[in-house]
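Look at the chain shown here before reading on. The paragraphs below go through it part by part.

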Amino acid sequence: MSPLTAYHSLLLSNLSTVQTIESALSNVTWLLPGRFQDAEVASEGLYALLSLVSSYHDTILSHHLSPSLSLPPHPFASSRQQPITRDDSSVSPLLPETTSTLSRTQPLLPPPSDHTRYTRYWTSRSALYRRASRALTTLGYLELLIEMVMRRKAGERARWRVVLGVEGMKTFLRLIILRITSRPVLSPPTPQREVDLASLPTEVIDLSSSSSSAESELTTVADRPLTPSLAAYAPLRCHLFPMVGSLPESHLPHPRDLLPKLRGSEYFAEILSSSVGLIHVLLLIRASRQASHTPYRPTSLPTLSRSLPPYLIALLLSLLARHLRSTSSARASPLLLSHYAAQDRKLATRAFLTGPMWIGWTRPKVMSVVKTLERVPLLGLVGELVEGYLPLVDDYFFCKCIMFGFE
């Protein structure tokens, strides 16, 4: 057995433990900044590593959890023996390609969301989309760590060159995804984990794991009633109702149709939305050259944040993209409405947490709240935690992107 196969086997045999460790380490990363020298670099490095490992674990799990686990059994099937088959695409190399039986009377996994169905479709269909989306997601995990290291090792000017390169690469990847799909670029562009592994029955975890024997694929789950109040001779509708939210893929809208194709000015709106970050960085670099006569750190982000043109131009471009996008209710889908709602929240957050608005209005309000909390027992710990993050928000461009969702 190769080391990679052994790692997969260990992961699948201890899913609940792995998720507990991931959650614990993720909580630690939130508590480190402000605690000791270079704590922010250690915290961000741990966060980036944890995010990359969790993303790899999600890829493994997607190949080991059968899609049929999100479906209820057929209403006329025996409650004792419910066949579970695996699609060719989801068969694990660690498990034998056999058809086994699993006794169950309700879905064991939640149905995939529209975001997961859409991104999973394009990831499986287009190799270029898969590479571009994974590269874009990986850059999102590493960008702040790269900025921190460059600022400390090479100085402010080198930091801005690297930030410009990262934003340029992200814009290029978004445009590639836009070219492939001809649809809005979702954030994140890759399928996300939607299953709480700790809440799954042990039998289901064993279902997808390769134990030391690696021979048994499925185990028997204890019978549970579909609905506790379901009568013995209930009408058929009582059996069919729980199936409404868990239809097979063949009975759902095609994943490609979850987002409508862009038309006319919508393309320009999406290009603008994908390029705002790059334009903002270019404007900040231009402002740093014009402020070279400033005696105090002309290339630092707190100094550049006082410049009005980068803030206003980026904000106006975002508003223009919002104005040009489609508002037709006939073409709106739940996934599209959710995507546009997330963009509106990012726009509102950007307006108050960047530029002169952050320096002159929002930050003083946050500091007054922090000082009030520090005078209250126990709540003072929350105030200290927030105060430890303020230097990161002030000094690093990508910190706002990660913490407040500007991606």
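This is a predicted model: local features need pLDDT of at least 70, side-chain atom pairs count only at pLDDT 80 or more; totals for chains, interfaces and linings use all residues.

Residues are numbered from 1 along each chain as its sequence is written, and side-chain values use heavy atoms, with hydrogens and water left out.

The protein chain has 15 helices and 2 strands. Of the chain's 407 residues, 43% count as buried. Here buried means under 20% relative accessible area, exposed means over 50%, and partly exposed lies in between, with a 1.4 Å probe and protein chains only. A contact means heavy atoms within 4.5 Å. Among contacts between residues at least 6 apart in sequence, 78% join residues at least 24 apart.

Some single residues show such contacts. S54 lies in helix α3 (residues 39–62). S54 counts as buried because its relative accessible area is 16%. Leaving aside neighbours within four places in sequence, S54 is in contact with E22 and R193. T116 belongs to helix α4 (residues 114–125). With a relative accessible area of 8%, T116 is also buried. Its contacts, not counting residues up to four places away in sequence, are P191, Q192 and E194.

Is W160 buried or exposed? Its relative accessibility is 3%, so W160 counts as buried. Not counting residues up to four places away in sequence, W160 touches V281, L284, I285, T299, L301, L304 and F397. F397 is 237 residues from W160 in sequence, and the two C-alpha atoms are 9.2 Å apart in space. R157, by contrast, is partly exposed, with 48% relative accessibility.

Most residues other than glycine have a negative phi, and most peptide bonds are trans. S182, in the loop between α6 and α7 (202–207), has a positive phi of about 60° although it is not a glycine. S182 counts as buried, since its relative accessibility is 13%. P188 is in the loop between α6 and α7 too. The peptide bond that joins S187 and P188 is cis, with omega about 0°. L378 is found in the loop between α13 and α14 (379–395), and its phi is near 70°, a positive value in a residue other than glycine. L378 is exposed, because its relative accessible area is 72%.

Next comes a pair of helices. How do α12 and α13 pack? Helix α12 and helix α13 (residues 355–374) pack at an angle of about 80°, with their axes 6 Å apart. Therefore α12 is roughly perpendicular to α13. Axes are lines fitted to C-alpha atoms, for helices over the stretch in contact, and angles run from 0 to 180 degrees between N-to-C directions. Angles under 35 degrees count as roughly parallel, over 145 as roughly antiparallel, 65 to 115 as roughly perpendicular and the rest as oblique. On the α12 side the contact is made by A351, F352 and L353, and on the α13 side by M357, W358, W361 and T362. These residues divide into 6 nonpolar, 1 polar and no charged. Ala, Val, Leu, Ile, Met, Phe, Trp, Tyr, Cys and Pro count as nonpolar, Asp, Glu, Lys and Arg as charged, and the others, Gly among them, as polar.

The last topic is empty space. Rolling a probe the size of a water molecule over the atoms shows where empty space is left. On a 1 Å grid over the protein atoms alone, a cavity is a set of points where a 1.4 Å probe fits but cannot get out, and lining residues have an atom within 4 Å of a point. Grid points are joined across faces, edges and corners, and a volume is the space filled by probe spheres set on the points. The count comes to 4 cavities of 30 Å³ or more. The largest cavity holds about 50 Å³ of space. Its lining consists of L262, E266, A269, E270, S273, A321, R322, R325, Y340 and Q343. Two or more lining residues come from each of α9 (265–290), α11 (308–324) and α12 (334–353). α9 gives the most, with 4 residues. By class, the lining has 4 nonpolar, 2 polar and 4 charged residues.

Technical notes. On a 1 Å grid over the protein atoms alone, a cavity is a set of points where a 1.4 Å probe fits but cannot get out, and a pocket is an open set with protein on both sides within 12 Å along at least five of seven lines; lining residues have an atom within 4 Å of a point.
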